[in-house]
Amino acid sequence: MYANHLINEAEVQRTWAPIIEEATGITEKSKLSWMSKYCHYHNLNESVYNTVHLNPNMNVPGMGDPTFPGAPTTLDAFTGQAAGSGDRPFSLLPLAMQVAAQTVGLDLVPVVPMQGPMGVLTYLDFVYAGGINAAAGGLQSTAAPLMIKAPLTLDTGAPDLEVGRVYYADNAAAGDAPYELTFVGLSRIDGYPIFRVRGLVRSGVYAQGAESQAAGAISIAQAIGNTTSGFNDLYSNNTGAKTVVGTWDGPAELVKALEDHVTGFSGDAFEQNNRIDAGTGVAFPTIDSNNPYERGYGESTPDNLLGLSLFNKSVAAMTYQVAAAVTREQVQDLKQFGIDAVAQVEAVLVNELTQSINKLILDRIFRLGVTNAVQVEAVTGTVLSAIYDTAAGAPQAVVLGPGNTSNASQSVVVPVTNVALGGETQGTLQRRILTKILAASNLIATRGRRGPATFAVTGGKMATAIQDVAGFVPYPLSNTVNQAGGSLYPIGAVAGVTIYVDPNRDFDDLRIAIGRKGDGNSPGLVFMPYLMAESVETIAEGTMAPKIAVKSRFALVEAGFHPQTMYYTLDIQLQGGLDVI
């Protein structure tokens, strides 16, 4: 997704892979590939300038935030355009390799090196196109359908939307004509209602007399993405007093064919709703049919259209930076113990960067998993979190953690499972956890349509339970979990899902984040390092003691459409004295 300059990747990997493997011990093919490219870019950066600028925090102009240059507008106006930004500071490649090798978070997300402090991610998708784009002028029933979706809140007491039924939407601006929309179904990703656009109403005015098919009505195409004059209300009739069904909560958008496939779009379903049964005079109510065309209708019906849409997202490198200093006495006196004070300080700084990047990646994974869990419950009612108790109880709201777009906690309603009905032991309770991980993996595969999960991250107590039940005999599940205590990162795999232990998580935190590591071309988190680690060593003017500063510049991008579908966060809660260890 990131547009690199053309390089000979095979030659780059032959040059750098042996060096990386010898220095770090890394043998994984995918990691060697991206680290080789990163080393190549680093080498190019270091070959430009062999000097370094240290900002003394005085009145010295800085580079500022990364920005694109302005458009010159004309060929002779380049001197007046807004200048962009970007530089290639000096960096220490071995230190960068050390950070990359120790950052376990990079095992969970694809890595796409950046060649500069900013870049552009490009996404490609297909949308249901065609439709009626003309303004007021009546219903054009022979036009290919255009699919749209938008957030909608049904009014209190209003019935659920009926598949195949025609509804009407008006503009927020007074006097605009209403639109005819046929309800198709709910989005499988965000639960928004999907409608087929039938067009502008040809006839029918309201009893109030203030709303009619005005000549100034905007088209459906104009209403899409329009926050000021888009849709206002949804109602079930177009004559007499309005019967409001719900209110739109946001602008309409086109429906993406890959994520929200609409049944029958390429077949006979939508044409049947335009045909009237000669015997009954009623339209065929088969909008959710997946039947193909009969020959006669197929050869006389225009094709429904798919459109190609290209989306861009700008990416700017962010910064972690930390410094440490030692005294001249420390440098001198620690030598008697065989300790290099400067090397020890550098190791501490590397650890600081490593832990910061790890925590950032894991926090984003858990947040996206929470977002997906909340959306899945809202759309399908599926909840994989569990409350185990020795007695029956009513469903409870379980807080999974901070959401993806807000700092407010998000929760799901979880049924209470009574495990005191007989035949349950601590082993069977632990075995249920393995099933939850497998279920989350399959949910990611079906919802994200990219494949099953590849990893899961949890805390020490949950990892202990998974290790304890690794050899469960009555209902074995394929796993390679080792029972060696003290594992900091991967402890093995359950049903092909590698289990990682986060040592910074509370030991009693039983939440699990399950996710799929993509390839850089699929939705999800993408780590884009610009300068993995830049190290600068100076001598303080006042004390003449050494000081080391380390800086890491990278972007952690939520790439693609619906990146949250690649992750799922669940929580296991124990009540009634139960425990997993």
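User: What should I know about the ground rules here?
Analyst: It's a predicted model, so local features need pLDDT of at least 70 and side-chain atom pairs count only at pLDDT 80 or more, while totals for chains, interfaces and linings use all residues. Residues are numbered from 1 along each chain as its sequence is written, and side-chain values use heavy atoms, with hydrogens and water left out.

User: OK, what's the mean pLDDT of the protein chain?
Analyst: The mean is 75, on the predictor's per-residue confidence scale from 0 to 100. Of the chain's residues, 72% reach 70 or more.

User: And where is confidence lowest and highest?
Analyst: Helix H3 (residues 93-102) is lowest at a mean of 51, and strand E22 (residues 567-570) is highest at 95. Those are DSSP runs numbered from the N terminus: helices are H or I with at least four residues, strands E with at least two.

User: Switching to H8, how many residues does it have?
Analyst: H8 (residues 341-380) has 40 residues. Asp340 caps its N-terminal end, with a side-chain oxygen 3.1 Å from the backbone nitrogen of Val342.

User: What comes just after H8?
Analyst: Gly381, which takes a positive phi of about 80°.

User: Which residues line the largest cavity?
Analyst: Arg188, Ile189, Leu258, Glu259, Arg447, Gly448, Arg449, Arg450, Pro523, Phe561, His562 and Thr565. On a 1 Å grid over the protein atoms alone, a cavity is a set of points where a 1.4 Å probe fits but cannot get out, and lining residues have an atom within 4 Å of a point.

Notes. On a 1 Å grid over the protein atoms alone, a cavity is a set of points where a 1.4 Å probe fits but cannot get out, and a pocket is an open set with protein on both sides within 12 Å along at least five of seven lines; lining residues have an atom within 4 Å of a point. The expected span of a helix is 1.5 Å times one less than its number of residues. A polar contact is a pair of N or O atoms within 3.5 Å; within protein, one must be able to donate a hydrogen and the other to accept it, and residues adjacent in sequence count only if both atoms are side-chain atoms.
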